[in-house]
Amino acid sequence: MTESPQKSSKTIEILLLWLTGKGRKWSLFGVLAATLFFAYFALQVPIESSNVSMVSHTRELQGNYDSFRKIFGNDEVLLLAITHPDLLEPESLQTIKQITQELTGIEGVTRVLSLTNAEQLVAGDFGIELVPLIPEQGAGKTYQNSITKSLEQNPVLEQLLISQDLKTSIVIIDLTGNIDQQGRGLAAIEKLLSSDYSDKNWHLTGIPLQKLTVSRLIQRDQQVVIPFSTLVLGSLLLLVFRRFSGLLLPLAVMAISLCWTVGIYTLCGLSLNTITALLPPVIMVLSVSTTVHLYNGWLQLAGKPGNPKPLIVEEFRELFLPCLFTAITTALGLVSLTVSSIPAVKLFGAFSALGVMLAFSVNMLMVPALLSYMPLPKTHRRYDTGRLSAVLQTTARLTVNHPRLVLTLALLLALAGLSGLTHINNNTDLIRFVKPTEKIFKDTMFIERAVGGVNSLEFMLTRRDRSTLTRLEDLTRIDKLQDAINDLHKVAGSYSLLSVIKQLNRAETNQEQLSLPDNNESLLYLFDLLETSPNQKQLRKLVSPEFTTLRINVRIKAIGSADTASLVTRIEQLAKRELGNDYELRPTGDFYQVVVDSNRLVSNVVQSFCLSLSMVLMAIYVLFRSFKLLAMALIPNLVPLAWTGGLMGYLHIDLSTGTAMIAAVVIGLTVDSTIHYLARFQREYQGDSKEAVTITTTATGRALSISALVLFLGFSVGGLSSFLPTIYFSLLTGVTMLGALVCDLLILPASLILFGTKEGSTSG
Amino acid sequence: MIRILAVCFFCLLVATLPSGVQASADSVIWRASIPAEPPHQGEVRLIRRDSALVMQTILNSKVLKHVIAAIQKKELRAWPEDREGWVDSRRYSDELYRAYDAVRTNAKDREDKGDRHLRLMIEFVLEERHNFVTFYAPTLTKRGEQYSVQEKKLLKKLNTSRAYLYNNLGEIARDSFQIDEKEALKLMQPIPGGF
């Protein structure tokens, strides 16, 4: 040992003496004051009402989306499906008409389009006339035939407004971009439908409603997950320690750490989102881990004679550095998430790391001070005996007697896990973030099945020379491109200005077929007509005022980001083929941003995992100063990750925003057990590694098992979340913690027996 | 002698001036862009020209065919078969289309091929003893939303019944100036020669 550790050990001792002596009142008062301050803000933490933090904001992507919204306006719409076996009967149509009218009057609704107010362009006695898509009055078979004929003549509207079986009608509700008005509008729409039309078969979906649902579910999760986490962790602590102080102390540390972290989060002006909603349960679980080690250390003093304060100082001085290092490694693992391009993941990484370090500080300020007020436990028999000890002894015997067998089995399982890794799909689907039992999920899937295409990709088309897109040559090429896009298997339909031009041309020339004009002069005349159209607002949703940028809306079937990414690539290839090099097609829109993020996810995962691993390795090296121990510490930390990855692959769990965080978070946590094991092994090693392993496994193995169980159960509470990525993250992280425990109690001791005999003595 | 010369010179000057300048003697009672919502396709003006009352419609549009169609549609609605003046309305509609055709044909020969606007001016003239509609191919200048006529080439003069012309003045005033019948009548006072 060098002078420096001795010096730091002395400093720690002075600090602990102060915390258990004169300074204990000040320390506890300081913690209380800070807690009251932060609790005030923590209770006011806002909840994000949009998915803005779930998408990255690269300059190019955001620039495209900003200019898209500037030109074409807000692209957020709601889709309301109304289903009736006799949809085209006057009574059903009257209901749709009534809903359409009532929705139009709601604040925040800018336009409502349905079968009953849609219009078509036809050739009239005096040129082009705008007439209702379906006749306003009529009944019987003739009336229905006239409706179906009208729909057949307007395939784009037909695709948008009615299902193929003519039993489901879609009402498209355009909303304002103003978030407050949008919120009030959504509430009013839901109220209208659930009160006045509760007897009708309706389904409602759309990105604004998905965002509102996410916001509501986060609130619900906070109300369920935090109390349940407390209950689970409390029960576990009571079961393990069988003392009220063993229950109250960790719970107090947990609550205080949570208040501080969430309070700072609020003070930074941040809102909880789908991912940062995980902060409370994660911090609760991680903060309790250090308390368990400290309290376990205090219990070890049971029955020792003399003044308890020096004994506490002595015990906690030994535990201080391992606890600090485990907190640092956990925090480093979490901090590595900040390399992610998704703001929600960055925030989660930064604030959970902060939470871990704050929890360590709270533990060190509070636990010694409070325990110094209490007499030492007299006996601790229950803790020393039982099934756990028997299991640990068997484990120790297994590793000592059959180290090669243990390593071979672990290697085979790791290989199986690695082969499962290849089955993992990189796929994010915002609607599939919520459980299939949620109404929004059912409604979305219903509408997907009925008309196909709730999600849309937006494309902005311009000429590279920025000239107008008003020549017949331009439009003919774009028409071919749209035809090719519509032929793609995963595309439900596309819509652009060409649909309007074709309708205009049909009405102007009194033709049957929808087609583009056959000469530039006629086309220019149609553009002149468009320019003079009283409905400029709707026209601006399709083309820029100077006719230089055209919007192509591509509705896609229910596919995730992986398939969508390849679809976008295919469309870009088609654009290259049909348009040549004179045009630029830029994909954009809310959904496209999710797709791009998903594609970045793999590189993000690799980056944050490498960063996490290297920082954690550095921390281990600083602590043990041995490359051989470093190499041995790696195995029990990487193998459980391979197992979890394999599990994900075999269970077809996609790599998404939530599951991508597992590796980086877990490596920082699993290494904690490795550090505790190696630290104890070094202390116990007296030349016989088998004996040192047996003692370490049976003694430290107990704390490690409790700690892993706490982490497993604590994370598992996240399984009660309403979001699938959160559920997968929680359950898989919990399972990985158990895997890591198995590795730390089997693979690490086996490795130490086979390869690490000298390491115990070199750096104790 | 000098006085006689001066009067002769003035008369000569007036005779050589473009007709538009002569029209500047018109006293505009009311004017409005049409349609009321942009993009406007022209202007309607109620004019007092000496004792005559003139409803002047200046059209300057790239989609003149559709503007004409809209006018014809309004005529059809305003003049059903059972209303006195229906025949005049039919004749007016026919002449209107012919005037459009003439303007379109003339536009093919003009030098500025980039300008796709077609221009037509219609005047409903109610004099003490005469009632007629005239169609012109005008040359226009525009300041803001207001037009001034630099030149005008007569395309057709159509005599109509007094009932049709008087009532159509009222119809156009109500429609273009967005006023009710009472206000329209007030604007048109005094009616030359009475009604």
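How many residues of chain A are in contact with chain B, and how many of chain B with chain A? In this predicted model, 12 residues of chain A meet 11 residues of chain B.

**Figure 1. The interface between chain A and chain B.** About 1100 Å² of area is buried between the two chains, and carbon and sulfur atoms give 59% of that area. On the side of chain A that touches chain B, five residues are nonpolar, two are polar and five are charged.

**Figure 2. Salt bridges and polar contacts between the chains.** Five salt bridges are counted between chain A and chain B. One of them joins Glu129(A) to Lys73(B), with the closest N and O atoms 3.8 Å apart. Five residue pairs are in polar contact between chain A and chain B. Strand 4 (127-132) and helix 19 (520-531) of chain A each supply at least two residues of the side that touches chain B. Helix 19 of chain A gives the largest share, six residues.

**Figure 3. The largest nonpolar core.** This core has 163 residues, and those with the most contacts inside it are Leu80(A), Leu103(A), Ile173(A), Ile189(A) and Phe348(A). Helix 12 (residues 343-371) of chain A gives the most to the core, with 14 residues. In soluble globular proteins, nonpolar side chains tend to be buried together.

**Figure 4. The surroundings of Leu80(A).** Leaving aside residues up to four places away in sequence, Leu80(A) touches residues including Ile99(A), Leu103(A), Ile173(A), Trp202(A) and His203(A).

How values were computed
Residues are numbered from 1 along each chain as its sequence is written. Chains are lettered from A and ligands numbered from 1 in the order in which they are written. This is a predicted model: local features need pLDDT of at least 70, side-chain atom pairs count only at pLDDT 80 or more; totals for chains, interfaces and linings use all residues. Side-chain values use heavy atoms; hydrogens and water are left out. A nonpolar core is a set of buried Ala, Val, Leu, Ile, Met, Phe, Trp, Tyr and Cys residues joined through side-chain atoms within 4.5 Å. Buried means under 20% relative accessible area, exposed over 50%, partly exposed in between (1.4 Å probe, protein chains only). Helices (H or I, at least four residues) and strands (E, at least two) are DSSP runs, numbered from the N terminus. Contact means heavy atoms within 4.5 Å. Buried area is the accessible area (1.4 Å probe) that two parts lose on being put together, summed over both. A salt bridge is a side-chain nitrogen of Lys or Arg within 4 Å of a carboxyl oxygen of Asp or Glu. A polar contact is a pair of N or O atoms within 3.5 Å; within protein, one must be able to donate a hydrogen and the other to accept it, and residues adjacent in sequence count only if both atoms are side-chain atoms. Ala, Val, Leu, Ile, Met, Phe, Trp, Tyr, Cys and Pro count as nonpolar, Asp, Glu, Lys and Arg as charged, and the others, Gly among them, as polar.
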